[in-house]
Every structure is written in C-alpha cells, then in structure tokens.
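Morning, everyone. Please bring up the model on your screens, and we will walk through its side-chain contacts.

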Amino acid sequence: MTEMTVGVGSGADEFADMVLNIGPQHPSTHGVLRLKLTLDGERITACEPVIGYMHRGAEKLFEVRDYRQILMLANRHDWLSAFCSELGVALAVERLMGIEVPERAVWLRTALAELNRVLNHLMFLGSYPLEIGAITPMFYAFREREALQAVFEEASGGRIHYMFNRIGGLKEEVPSGWTGRAREAIDQVRRRMPDLDDLIRRNEIFMARTRGIGVLSPETAAAYGVSGPVARASGMDFDLRRDDPYLAYGELDVPVVTRTAGDCHARFECMLDQVYVSLDLAQRCLEKVDTLSGPVNVRLPKVVKAPEGHTYAWTENPLGVNGYYLVSRGEKTPWRLKLRTASYANVQALSTLLVGCLVPDMVSILGSMFFVVGDIDK
C-alpha cells in the first residue's frame, strides 16, 4: 500500500492513502494521546493508538515505596477518580495482610466512592458535549461538581488528589455534622440534574452527532476487555458492585444502567443515568453511617510489612474495571504491583471502532470512550 504523510512538499501520489496524526496535543484527546489514522478521502481505513507520552513508571515506583506511600502513586493515574484509584490499592494490601476494616470506615468508603463516581461522570458529561460544539452543558456540570467538591474538600482537605484512604480504613474521622451536609449537597445535585439532562439528552444537534455513530458491538467490547459505562452501553450487563461485591455493596441494591445501541449516544446516556444511581447509593450509605459509631481505621505498626504471598483485588472504578495484582516477599515494599486499568483496555477498541468512520465523527467517537490518559500510561 502506498502511503502519503501529510506535510508541505511531500510530493506524494494523489491516489495514495493519507496518514494523519491526531495529537499528541492535550486539548484534543483528554490527555496526551496520539492517533495515527490512515484515510481514504474522509473515511478512516486504519487507526493506531500511540500511547506512552505521559508514562510515569508508577508500577516500578510501587516497588521502591512502602505500603503507605504507594497510595499517593495510585491516587494519580486516573485523576478524575482519585479516591476510587487509591481505594483499590488499599483493598489489595488489606486483603493480603488480612486486615478487617471497621464497619463505619467501610460504609464511609462506599459513600465517598459513589460521590467520586458522580464527580468523574459530571466532568465527562460537561466536556463531551463541549467537544462537539455545545458549550453550555459544561457550566451546569461544573455547578454540580462544585457542590460535591466542597463535601470532599471538607472531609479530606483535597479537591482532586484526596489521599483519604489508608491501609486499614480512612485517614481520619469526618468532621462533625459532615454526613448531614453531604446529604444536603446530594439532594441539591439531584434536584438540579434535570437542568443538564433536559439540555443535552434529547438535543437535536447532539443526537445527530451521536446516534448511530461509533457503534461498538458487545462481542468487540468483550474481545478488547472493555468495561464500565462504555461496555454497558453495548449491552454488557456487568458491574462488579453487583456481581462481585466489595466494601458495602453486598448490602445494597445496585441498579446496573445498560443500553443496547452501543453508539456514542448510548454511552453518554449510560454515564448520565449512572449519576442518578450513584447519588441514591451515596445517600443510603450516609444514612447507614449515621447509625454507626466507632473508629474509621485500624492501628498499624510503624513499619508495615505484608506477608509473603500474592493477591488480586478488582473494583468497579468510574470508567470501568480496575485490577490490582499484588505480590509480596514479606518486605515493607511490594515486590510487584500490576495495574489493570479501565482506560487502557477501553482505548484499545479505537483501533477497530474508528475504522470505516468519517473524520468529522472521530471526535464524537473519541470523546464517548471516556478515558483518562494517565489511566492508560500509568
């Protein structure tokens, strides 16, 4: 096949396929991702995602940080899901060490994980329409985010990197009256969500840009290991909170939001409807917290050492399934901690999903995959 790389003075044959680079600039692709597209006119005939521009070597750094310090590294690979990301590592270490976390901490963790899910989804619900020409939804999404960010900031002191999980529970008890204020914020967001919902869900222009575009079949999604809202929009009825419960999810009724169309609009709807579900789950968890007393963490020795062995923990992170394979040789640092991140698996599907699509639809499809590049490059 003859290829023509776009550029001045290339002198290429007018009948050759064109190779077009999308990225690696930040504004176009939710982070520093590069897509190498082969085009036939305006139609994409091949797509090669090129990753690694943000690689920080977190998995190797885990091996020279002790079990308290690794939470900081885990916190940062998906910066929109920081609480949930650090939670997964804490769960893996606790499982290997046989630590039983206090009940109050379990329910608080569950509530905060669901609030973090809402914060993650609101960012995409505002930014995705922005990428295809709708500016206003971003203002509504950030209004709701600010109400919940205030709740997180009061509890943890952080707005993005919360660092509130600890091995054995949480950093500290939440402030007096915090659960009541958190429930008020949830009620406020729930009342105002229809402003965002009514503005964009059935918007004619938005639907024209997303319905029937970028259809991902359930077979393809399963083959690539796609998970989370992207997979459920293709009809994959799988959610670890229901199917392999952790934290307090086993005591909750977790509705799983699915669609069957598998297109960009279905992916957006799954994420939008998940916000309502997560608000309800967080509300129920906080009501339970108010009935519990006791500590929110366990006392650990000055030097934490996990016993020799290995374990695997997985969580339903906001963007999909995250897995944590931890291997210990009895030292104060992990011998190996391998991450299976949702964004890494989901972005692989682009190599199939974009083939046959038009270049103008590429932005709609790319944005609808809901990935964070730090979660790909780790």
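In which helix do Arg117 and Glu114 both lie, and how many residues apart are they? Both are in helix H4, 3 residues apart, about one turn of the helix. Helices here are DSSP runs of H or I with at least four residues, strands are E runs of at least two, and both are numbered from the N terminus.

Ground rules next. This is a predicted model, so local features need pLDDT of at least 70, side-chain atom pairs count only at pLDDT 80 or more, and totals for chains, interfaces and linings use all residues. Residues are numbered from 1 along each chain as its sequence is written, and side-chain values use heavy atoms, with hydrogens and water left out.

Salt bridges, then. Side chains of opposite charge can pair when their charged atoms come close. The cut-off is a side-chain nitrogen of Lys or Arg within 4 Å of a carboxyl oxygen of Asp or Glu. The structure holds 28 of these salt bridges.

One of them joins Glu94 to Arg109, with the closest N and O atoms 2.7 Å apart. That pair links distant parts of the chain: Glu94 is in helix H3 (residues 82-97) and Arg109 in helix H4, 15 residues apart. Are these two buried or exposed? Glu94 is buried, because its relative accessible area is 4%. Arg109 counts as buried as well, at 1%. Buried means under 20% relative accessible area, exposed means over 50%, and partly exposed is in between (1.4 Å probe, protein chains only).

Back to Arg117 and Glu114. Their side chains meet in a salt bridge at 3.3 Å, N to O. Both residues are buried. Arg241 and Asp239 form another salt bridge, with closest N and O atoms 2.7 Å apart. Arg241 is buried, and so is Asp239. Now put these together. Glu114, Arg117, Arg232, Asp239, Arg241 and Glu316 are linked in a network of salt bridges.

On to the rings. A pair of aromatic rings is described by the distance of the centres and the angle of the planes. Rings of Phe, Tyr and Trp (its six-membered ring) pair if their centres lie within 6.5 Å; planes under 30 degrees apart count as stacked, over 60 as edge-to-face, and the rest as tilted. A search of the whole structure finds 10 aromatic pairs.

Take Tyr128 and Phe206. They are edge-to-face, 5.9 Å centre to centre, with 80 degrees between the planes. Tyr128 sits in helix H4 (residues 103-131) and Phe206 in helix H7 (residues 204-210), 78 residues apart. Tyr128 is buried, at 0% relative accessible area. Phe206 counts as buried, at 4%.

Tyr128 has another partner. The rings of Tyr128 and Phe370 have centres 6.0 Å apart and planes at 80 degrees, so this pair is edge-to-face. Phe370 lies in the loop between helix H14 (359-368) and helix H15 (373-377), 242 residues from Tyr128. Phe370 is buried.

Charges over rings come next. The test is NZ of Lys or CZ of Arg within 6 Å of the ring centre and within 35 degrees of the ring normal. Arg145 lies over the face of Phe142, 5.4 Å from the ring centre. The charged end of Lys378 sits over the ring of Tyr344, at 4.9 Å from its centre.

Last stop, Trp314. Its place is in strand E7 (residues 309-317). Trp314 is partly exposed, because its relative accessible area is 32%.
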